[in-house]
Amino acid sequence: MAHNGDLAGHRRIRHELLAHVPAALREQIAGNTDSETIYALVMGLLEDPEEPTALVAAIARAVVILRELRAKHGIAESSSLNLFFSDGRSIVALRYTLDFGCYDTSNPADVHEANLRYLSLWYTVGERYGLVDGEWQMSGDPAATDAVLLASEPLTRDITGWIEVPEYTVLVVDGRSASPRIHSVDLD
Amino acid sequence: VPLVHPFFVDLPGDHHRVLERVVRRQRVAAGDPLFEQGDPADSALFVERGSVELRVRLPGGGSSPLAVIEAGDVLGELALIDRHRRSASARAATDLELLVMHRDDLRALCAHYHPASLSLLRRLAELVARRIDQVNDDRAPGERAPGAASIPATLRDGADFDVRRFLPALSLFRRFTAADIDALVALGRIVSASAGDAVVRYGEPAAGCFIVARGALQAFVPTSEGPRRVGVLGPGALFGEVSLLLDRSRSATCIVRERATLLELSAASLEQLRDPSQHVSFRFHEALVRNLMSRLTLATRALTGERRLG
């Protein structure tokens, strides 16, 4: 799993977040970062590790728990929650910002660029990804979905082959069949 | 030779004399290339006669036709404000007569606060607003079912923090001086709205536009299958201006997602911002065009993504 972002007030809600995680999973958490807590929370809510739609449901439930706990503790600062999960075959990725646009109003000097922007998530898809005419790009059949590349920002100079994942959206690349199927799910 | 392209029609005579110094005429023979996809873009092309074929490269090699640009239309206008790369390749489908305007020349006009540059920025804003309108129609085609009109528009005067101190942090105000920001705030009204409030509603007449100072809103188009989210608006976003520029009713409903503080600019304030004797008019129109271009890019990308995912 990868996490792009920073969960404001994580220490204040960590204990209550981990109450949603089974003890056997909790014991495996070695560090104390926000990313590890989020990963454990989603894994704890995951009912079927083989099924990408179950992972989407676990992510959606984790977002609801995070929103409720933040509201309970009065945490309302913009926090990016862009997540990337893969089991080696499928990919499930989330683009989501909690309390988007809400920054601390005590001092303008403390307003960070990350409080004002929605962190991005992009993907490109095709038959294969490689160096063509001196530029890394997808090549082969444009309708194919054999190769899928996800990144926080496009990795090539020419971005015309890249597609931006909308805000509050989960992208699912289901790789269990010979040719991966891609779809998106809107979250509240 | 007068500029007969519709973009320049009905501009005051003294504007034309200035513009004829910054707009170059170019003739291109049928079949000749104008630019290649991926080339750095630093100019807009106004097609006075003939037509241009646009093609995009295909990942597996070769290319696919994208569009044909006819006389009276504009090509590559995004390059007039910020650095871009051409997103398609262009070739003269017939013999062409073009007017070419370079970004540096428009910038120089703006830097000298020449009234002609304000007129050009306004026309650019209207051009890009029409394009956004078209892309949004393509994104949510079909019947409109404006059920969200029942959500009351509830704006409260003022905010619970000193908004003015935070405006310089927003990207929209990047090129504004403190005096420009003060002048804009004096023309507008600070308002607040709670989560769930509708700030603008589909189908209503446009009375003003808004700049998000804090918080976030979501823009929805009411379709027969329910509201369809077409955008998310955070700090520094300007919205509600497309319907004002096109003089038509609201094309989307904007609902507050996170408690929002906004700077409202009425239609009358926008009229005052057409006055070339004040610097803020130029800064505002540059920001307006930049914001519209960014929105058009996002909407076009979204359309591409939605088509790819079916």
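The legends below go with close-up views of a predicted model. Local features here need pLDDT of at least 70 and side-chain atom pairs count only at pLDDT 80 or more, while totals for chains, interfaces and linings use all residues. Residues are numbered from 1 along each chain as its sequence is written, chains are lettered from A in the order in which they are written, and side-chain values use heavy atoms, with hydrogens and water left out.

**View 1. Arg176(A) and Glu51(A) meet in a salt bridge.**
The N to O distance here is 3.2 Å; a salt bridge means a side-chain nitrogen of Lys or Arg within 4 Å of a carboxyl oxygen of Asp or Glu. Arg176(A) sits in the loop between strand 11 (169-174) and strand 12 (181-186) and Glu51(A) in the loop between helix 3 (34-45) and helix 4 of chain A, so the pair ties together parts 125 residues apart in sequence. Helices (H or I, at least four residues) and strands (E, at least two) are DSSP runs, numbered from the N terminus. Arg176(A) is partly exposed at 37% relative accessibility, and Glu51(A) is partly exposed at 24%. Buried means under 20% relative accessible area, exposed over 50%, and partly exposed in between (1.4 Å probe, protein chains only). Both residues also belong to a salt-bridge network with Asp174(A) and Arg181(A). Over all chains, the structure holds 31 salt bridges.

Arg122(B) is buried, at 10% relative accessible area, whereas Glu126(B) is partly exposed at 22%. As for the helix itself (residues 115-139), 18 of its 25 residues are buried, so the rest of the structure largely encloses it.

**View 2. Glu271(B) pairs with Arg274(B) in a salt bridge.**
Here the closest N and O atoms are 3.6 Å apart. Glu271(B) is partly exposed, at 48% relative accessibility, and Arg274(B) is partly exposed too, at 37%.

**View 3. Asp6(A), Glu77(A), Asp104(A) and Asp110(A) gather in a negative surface patch.**
Patch members have over 30% relative accessible area and no salt bridge, with like charges joined within 9 Å. Glu77(A) is in the loop between helix 4 (52-72) and strand 2 (79-80) of chain A, and counts as partly exposed at 33% relative accessibility.

Definitions and conventions
Patches are made of residues with over 30% relative accessible area and no salt bridge: like charges are joined within 9 Å, nonpolar side chains (Val, Leu, Ile, Met, Phe, Trp, Tyr) within 5 Å. Accessible areas come from the Shrake-Rupley method with a 1.4 Å probe; for residues, only the protein chains shown count as cover. Lys and Arg count as positive and Asp and Glu as negative; His and the chain ends are not counted. The place of a charge is taken as NZ of Lys, CZ of Arg, CG of Asp or CD of Glu.
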